[in-house]
Amino acid sequence: MAKIVRGYNLKKAQAYVERLKEQNIDYELKKSKEEKDVYYLLVQDSKQYSSINLKRQQKVTFKKKSYFIQLITLKREKTDQRRQELLAAGVRPNHIIRIKKRKEIPVYIISVNETEKTPDLKLSDYFSAFSMAQSKLFVEGHVGDSEYQSGYVNALVGFDYFGDEVTGKLMGRIEIWNEESANMNFHKNIIELDEAYLNKPFSMGQLTVGKQLFSWGVFDELSSFDRVNIKNLPRFVFDSGASYRRPITAMRYQHYSGSWKWDGYVDFGLEKGRKQSEESLWTGISREEGTIRGGDPELIAPSLITNVRMGFGEREDQSYGVRITRTGEGDVSFTYLNAYPDVPGLQFSETLRQQILLASVDATGLSAGVDFEYFKEQVFGLDYVNTFDGQLYKVELAYILNSAVLNEVLEVTEIPKFRLAIGGDFEFSSWTTTLTWQVVHEQLLEDQETFLDNSDLIQYILQSSTLMMADKLRVELRAILNGADSSLYFSPYFGYDLSDTSTFGVAVHIFNGHADSFFGFHDKNDFLEIRWQKLF
């Protein structure tokens, strides 16, 4: 009796045959053809995705528009998985297309004569492969006021795994920070395992286990539900989207049923957050000026910040979430999260707190100090995204049951919070311009004085991106206005594509506002940035 195994990849079939030869097992290899449904996943060729890990090796034209082929597969569920990854990375839904073609493809049929020594071989044991994942090298340098200069390097490299039963990814990352000025010399190197997971597809869903990167919500920036990953806080101005996020070690299951999708995850709590150092300009603490970003100078003296001990806590517990999405005229999702916010909260030691209230701070209180701690919150939310007349509109509503804030007597208390975000993307084809806008309103639902100015927050985000010179030159303007304290961040950017995989750019980062405001904290630190990115 002969055992028959089949496969659609020549190299994998050859590897299987070599194994049979090593064991002196008789076999017969035949090549034939079969008609199969082949799925192609395409992403529109847009330079606004230059920072996203897209595969850019093969370009095709579909309905008079250019696309990059992201995936060619026989399994529809693999295209669903990749589509969700692209959406999480910031690709617009109407820029992703799945095409199904019926075509003849080669099939390799191996007949093995069964004997007592015939191994219990599965084709999947040998019909699997590793390929280099989308890797990148990002180099950035800043020149600022007061002889300030800094450098940043981000290198990401790894492999994708494609098996008959499971897929996976293994990525490593190297990050290097360096900041120097007359009053500061900050240097930090990080070598870490980035994404490292296995994914098991099922007929109606998929299970992913390991260190993985994904996001929830409909906004790429300042989303109410984007709490399922670590944020690279020292880069909060310069990066966005996938470049700003870091993976968590979690188990995630996605299930599809008609127009419904159920998505849930449990974070194992192995990642502790992206630590900051008070030596860095981007920590939000100025020893020299005696200020904390967003702090009220009437409640705390600059001399206290100059001398107090400050500690940086870590995320210490697991988190989890559930998200249900219905796709129809538009996508509407319901979300529940028991997770940490992106930014840690300030917590005074009891000794220092009492001394501040009594206006008698001494060395004991200063040594007890303050800590920046993460406080877990429960979030209930609804979001909606739809396209009208070719333009994209988004809405997020969130109710945070137990938002941790610092009250006027310097105690951490839990107060319910409401958060609304509306926005959209407008595309002007005649100018090859995309205009992205977003308004965020956040309000505490109890009337209480707070130490930090977070009782009522309004933020306005506006970004435009225009392509010129055969889409090689990109001109971008990005602005964020903090309505609560009238502080402003503004950045023009000019980037030129040296090739399909290499970009050189220049940006200016401008901050404005009073000294204790969110962006005014950096009012004396405007920067000229030079960046280069290479994709492999």
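Author: Contact here means heavy atoms within 4.5 Å. This is a predicted model, in which local features need pLDDT of at least 70 and side-chain atom pairs count only at pLDDT 80 or more, while totals for chains, interfaces and linings use all residues. Residues are numbered from 1 along each chain as its sequence is written, and side-chain values use heavy atoms, with hydrogens and water left out.

Reader: Then which residues does Phe511 touch?
Author: Leaving aside residues up to four places away in sequence, Phe511 touches Val237, Trp282, Leu488, Tyr489, Phe519, His522, Asp523, Asn525, Asp526 and Phe527.

Reader: How many residues are in the largest nonpolar core?
Author: There are 22, and Trp282 and Phe511 have the most contacts inside this core. A nonpolar core is a set of buried Ala, Val, Leu, Ile, Met, Phe, Trp, Tyr and Cys residues joined through side-chain atoms within 4.5 Å. Buried means under 20% relative accessible area, exposed means over 50%, and partly exposed lies in between (1.4 Å probe, protein chains only).

Reader: Changing topic, what span should helix α2 have?
Author: The expected span is 1.5 Å times one less than the number of residues. For the 14 residues of α2 (76–89) this should be 20 Å, and the end C-alpha atoms are 20 Å apart, which agrees. Among the buried residues of α2 are Lys78, Asp80 and Leu86.

Reader: And what follows α2?
Author: Gly90 follows α2, and its phi is positive, near 115 degrees.

Reader: Which residues other than glycine have a positive phi?
Author: Ala359 is one of them, with phi near 55 degrees, and Leu410 is another, with phi near 65 degrees. Ala359 lies in the loop between α5 (350–357) and α6 (363–368), whereas Leu410 is in the loop between β24 (391–406) and β25 (412–428).

Reader: Is Leu410 buried or exposed?
Author: Leu410 counts as buried because its relative accessibility is 5%. Ala359, at 70%, counts as exposed.

Reader: Finally, where is Phe504?
Author: Phe504 lies in strand β30, residues 502–512. Phe504 is partly exposed, since its relative accessible area is 36%.

Note on methods: Helix = DSSP H or I, 4+ residues; strand = E, 2+ residues; numbered from the N terminus.
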